[in-house]
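Here are my notes from going through the model you sent. Have the structure open while you read.

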Amino acid sequence: MYRQILGYVPSNVVPAVVSILMVYVYTRLLSPSAFGVYSYVFATVLVLQTSLFQALPIAVMRFYPGAAKARRKDRLLKEAYLVFYGLAAAATVLCAGLMLAIDMPQEYRLPALLAGPMLLFRSLVQLNQTVNRSADRMRRYNAIECAHAALGFGLGLVALYLLGPSAAAIVLGLLIAAVVCSLADVRLLLAPLAPTARGLDKAELVRLIAYAWPMVAVAATTATLQTSDRFMIGSMAGAGALGIFAVAYSLVERPTALICGSITTTTFPLVVKVLEHQGKDAARLQAGRNGIALLAVGLPACAGLALTADYIAASLVGPAFREGVAALLPIMAFTALARCLRAHFVDHAFHLSGRPLRMLWTYVPVTILNIAINLFVVPRYGMFGAAWTALACQWLTVIAGCFIGTSLFPVWLPPGQTVRCLLAVVPMIAGLTWIRFPLNWYGLFAAVMLGAVLYSVSALALDVGEVRSLAGDTLRRRMRRKAVALT
């Protein structure tokens, strides 16, 4: 498991670095208001992408191991891409209708026009990458993820130079990057026409849709929970406040989502395979190991972001954004930890049990509560009221999800290892609290290195995730093999 996690490091490190570069450059080239316009449009794309398209890749990931075992991969891909093209047609009509129905301010019109096709091609890349990941095409997955991130940033800079500092330029760069990366998997795009996928298994197609459609409602709800605060800030507190809020969100969400996603990239397909081949009890044990791997990486990452917030803001963010971002980062870091635990661990219980619609019992009430509280706090406390509300609501979804999800499928966190993960972070917290560095690039790198060293030493000493034990066993086996070879 750990070897595969390390194998997907490039697909997580490179986009994370690019996202930091984007914040560094864009907060110096754009005003908070212009960045706020981009954030408003991009949040809309995220809601639509998550609501309409995210369920299909999850369904493909869930059924791919079984299809491979039954030698019907080509038919599964045919079914999946036919469903995608149907959704794309519906999304096109929806976006066109929204453009005609809504009287947008001038600065929103061109970004919104470009956002429609960007939505479709980003979703297509996501589906392609799910197939590559499920098929263990690690190199291809890494190459496309890295290219997608780098092209989006590079082409965005070119568009900014040609069109001037505007939200439309950034969206145009992301659109072209998504088109290029989707065409890298032309063979998958043509899956409905593949000669090896003759005929359409209507029963399997219904099974795929039956599994995926409940998640549309779930995905729409989670997307609303995650992004509604940005719409409210933009509408009630102004585009400038939204720009600062969005920069802080990007600095936290992108790295943590990628770090936690790198764990899920390996662990979720692995637990599905164990469930298919070894049964529920073995899958439960694997789910526990998956959860500890996620906590062992996600917890120090979020704590580190909170503890180095002032270094990050001073080094990476433009002057107009700096003060607000430094204050928001610690709040958002622990909000991101809750979101990662819920999306990349707790929600797996619902997926593995085949009852994803039950997630609505947790997400819908909390989403309504989040919107209701924000209607009160955003006009009075602005972006900080929204940040604290998000923190409370995200942890509510974790708690509620644990109670309901474990009744469906027994995902769990081994108590002993959980305590070790928590204890391993203590030296890092103490060191970064007591030892201070200059608020510049040197201070940022020094603080990151200090935190990484302190956590690594304590995690190894406590044998977090049994990494030290596994490494020792591997070393002993190699030494025995060498001894046998010499004799």
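1. The second largest cavity holds about 100 Å³ of space. A cavity here is a set of points on a 1 Å grid over the protein atoms alone where a 1.4 Å probe fits but cannot get out; points are joined across faces, edges and corners, and the volume is the space filled by probe spheres set on them. Of its 14 lining residues (an atom within 4 Å of a point), Tyr-249, Met-332, Thr-335, Arg-339 and Ala-390 are the closest to the centre. By this rule there are four cavities of 30 Å³ or more.

2. Keep in mind that this is a predicted model, where local features need pLDDT of at least 70 and side-chain atom pairs pLDDT 80 or more, while totals for chains, interfaces and linings use all residues. Residues are numbered from 1 along each chain as its sequence is written, and side-chain values use heavy atoms, with hydrogens and water left out.

3. Helices are DSSP runs (H or I, at least four residues) numbered from the N terminus. The lining has eight nonpolar, three polar and three charged residues; Ala, Val, Leu, Ile, Met, Phe, Trp, Tyr, Cys and Pro count as nonpolar, Asp, Glu, Lys and Arg as charged, and the others, Gly among them, as polar.

4. Now the second largest pocket, with about 460 Å³ of space. A pocket is an open set with protein on both sides within 12 Å along at least five of seven lines. Its lining counts 20 residues, with Thr-44, Met-99, Ile-102, Met-104 and Ala-112 the closest to its centre. H6 supplies the largest share, seven residues. By class, the lining has 17 nonpolar, two polar and one charged residues.

5. H6 (residues 106-134) also packs on H4 (residues 55-69), at about 15° with axes 9 Å apart. Axes are lines fitted to C-alpha atoms over the stretch in contact, and angles run from 0 to 180 degrees between N-to-C directions. H4 and H6 are therefore roughly parallel (angles under 35 degrees). Their contact residues (heavy atoms within 4.5 Å) include Tyr-64 in H4 and Leu-127 in H6.

6. H17 (residues 415-434) and H18 (residues 441-462) pack at about 150°, their axes 8 Å apart. That makes H17 roughly antiparallel to H18 (over 145 degrees). Among the residues in contact are Leu-423 and Met-428 of H17, and Leu-454 and Tyr-455 of H18. The contact divides into 12 nonpolar, three polar and one charged.

Terms used:
Helix = DSSP H or I, 4+ residues; strand = E, 2+ residues; numbered from the N terminus. Parallel < 35°, antiparallel > 145°, perpendicular 65-115°, else oblique.
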